[in-house]
Amino acid sequence: MEKPCRLLIRWLDYKVISRMRIDTNQFHASYPHFSVAIVKAARIRYNPPFEHSLFHYKANLMLLGVNIDHVATLRNARGVSYPSPLEAALIAETYGADLITLHLREDRRHIKDDDVALIKQAIRTRMNLEMAMTEEMLAHALRIRPEDVCIVPEKRAEVTTEGGLDVIGQAGKVRHYIYELQAASIRVSIFIAPDKPQIQKAFDMGARVVELHTGAYADAATPEQCRNELQRIREAAQFAAQLGMTVNAGHGLTIHNVAPIAQIPEIAELNIGHSLIAQAVFLGLPKAIAQMKEVMYRARNGLAA
């Protein structure tokens with residue numbers, strides 16, 4: 001009897017909301033703990049179906065993870081319930097995100113525990129949950145069961161993640177964390193500098209996915225530094241791929257610097273947040289995602305910008 005009742009509730013949710021022309025961001029702000037089903041149903045009216053254009057479809061050759069952390073940053077700046085990270089996640093995947101990335105930091109400065117739980121229930125793609133290597137975060141991941149966990153270094157004083165995880169310096173802890181997550185059928189990625197010894201140690205500890213930190217490339221002060229950092233990323237991606245690892249990348253990427261990274265054939269996925277949310281302030285999130293995916297597609301396929 002329990003299952004038919006749940007189905008009836010979801011059907012009623014759908015019938016009520018589908019007759020309403022509603023801004024679901026405002027709705028969720030007013031009723032943040034209402035059923036996820038009602039929020040999902042509401043976007044049938046609020047968000048038109050994603051149009052799988054040539055650019056969007058073929059850009060999936062390189063996946064785009066949309067990081068929604070800074071939607072929560074904006075919400076928390078005023079201590080209110082809007083804008084909703086849940087709504088941002090739903091809009092992002094509707095308009096072409098291949099996965100939703102979010103970082104649950106120890107100080108909860110942007111994404112909160114409730115955000116993670118609600119988004120995990122609602123999205124139709126997959127969740128890439130970034131977190132520090134602590135027992136608290138391990139327990140949280142095992143409870144939420146995201147499809148992917150990316151282990152990142154974390155310092156309370158930093159504005160954003162400043163570098164890759166030191167796998168060599170804490171190999172035993174890394175091995176334990178990877179084992180526990182993989183035992184729960186969670187794919188584990190290590191956020192790591194483009195450094196071959198660190199990549200090798202991550203592989204030895206059981207990781208089969210790495211995300212290369214592109215911050216030094218993005219922040220390079222001169223063209224020469226930029227070329228040098230790009231070469232480091234190329235060589236690191238090739239090395240990891242030769243080990244049989246899946247190679248992702250991210251940090252500091254924008255529409256202006258993403259093309260050379262997208263041209264590296266070993267890199268399968270980019271996770272981008274701050275620049276997308278910044279562009280969304282002016283263009284809207286759907287157009288910001290479409291713009292990024294078009295740049296990725298053109299770069300990947302050798303087309304003129």
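**Salt bridges and barrel architecture**

Glu-93 counts as buried, its relative accessibility being 8%. The structure in which this value was computed is a predicted model. Glu-93 belongs to helix 6, residues 85-94, and its side chain meets that of Arg-124 in a salt bridge with an N to O distance of 3.4 Å. Arg-124 is placed in the loop between helix 7 and strand 3, so that the pair, 31 residues apart, links distant parts of the chain. The two partners fall into separate accessibility classes: Arg-124 is exposed, with a relative accessible area of 55%, whereas Glu-93, at 8%, is below the 20% limit for a buried residue.

A salt bridge is also formed by Lys-120 and Glu-147, whose closest N and O atoms are 3.6 Å apart. Because Lys-120 lies in helix 7 and Glu-147 in the loop between helix 8 (135-144) and strand 4 (148-151), this pair ties together parts of the chain that are 27 residues apart in sequence. Lys-120 is partly exposed, with a relative accessible area of 23%. Glu-147 is likewise partly exposed, at 31%.

The bridge between Glu-294 and Arg-298 has its closest N and O atoms 3.3 Å apart. Both residues are in helix 15 (residues 285-300); they are four residues apart, and therefore about one helical turn separates them. Glu-294 counts as partly exposed at 29% relative accessibility, and Arg-298 counts as partly exposed at 24%.

Turning to the fold, the protein contains 15 helices and eight strands. A closed barrel of eight strands is present, with the order 1-2-3-4-5-6-7-8 and parallel pairing. Neighbouring strands of this sheet are turned against each other by 25 degrees on average, direction ignored. Strand 1 (residues 63-67) and strand 8 (residues 267-272) run parallel and are joined by four bridges. Within this pairing, Val-66 has Ile-272 of strand 8 as its bridge partner.

Helix 7, the element that carries Lys-120, spans residues 113-122 and lies across strand 2 (99-103) and strand 3 (127-131). The angle between helix 7 and strand 3 is about 160 degrees.

For the protein as a whole, 49% of the 305 residues count as buried. Among contacts with a separation of 6 or more, 70% are accounted for by residues 24 or more positions apart. The accessible surface comes to about 14,600 Å², and 55% of that area belongs to carbon and sulfur atoms.

A nonpolar surface patch of about 360 Å² is made by Val-281, Phe-282 and Leu-283. Phe-282 is found in helix 14, which covers residues 274-283. Phe-282 has a relative accessible area of 72% and is therefore classed as exposed, the limit being over 50%.

Technical notes. Residues are numbered from 1 along each chain as its sequence is written. This is a predicted model: local features need pLDDT of at least 70, side-chain atom pairs count only at pLDDT 80 or more; totals for chains, interfaces and linings use all residues. Side-chain values use heavy atoms; hydrogens and water are left out. Two strands pair if DSSP finds at least two bridges between them. Helices (H or I, at least four residues) and strands (E, at least two) are DSSP runs, numbered from the N terminus. Axes are lines fitted to C-alpha atoms, for helices over the stretch in contact, and angles run from 0 to 180 degrees between N-to-C directions. Contact means heavy atoms within 4.5 Å. Patches are made of residues with over 30% relative accessible area and no salt bridge: like charges are joined within 9 Å, nonpolar side chains (Val, Leu, Ile, Met, Phe, Trp, Tyr) within 5 Å. Accessible areas come from the Shrake-Rupley method with a 1.4 Å probe; for residues, only the protein chains shown count as cover. A salt bridge is a side-chain nitrogen of Lys or Arg within 4 Å of a carboxyl oxygen of Asp or Glu. Buried means under 20% relative accessible area, exposed over 50%, partly exposed in between (1.4 Å probe, protein chains only).
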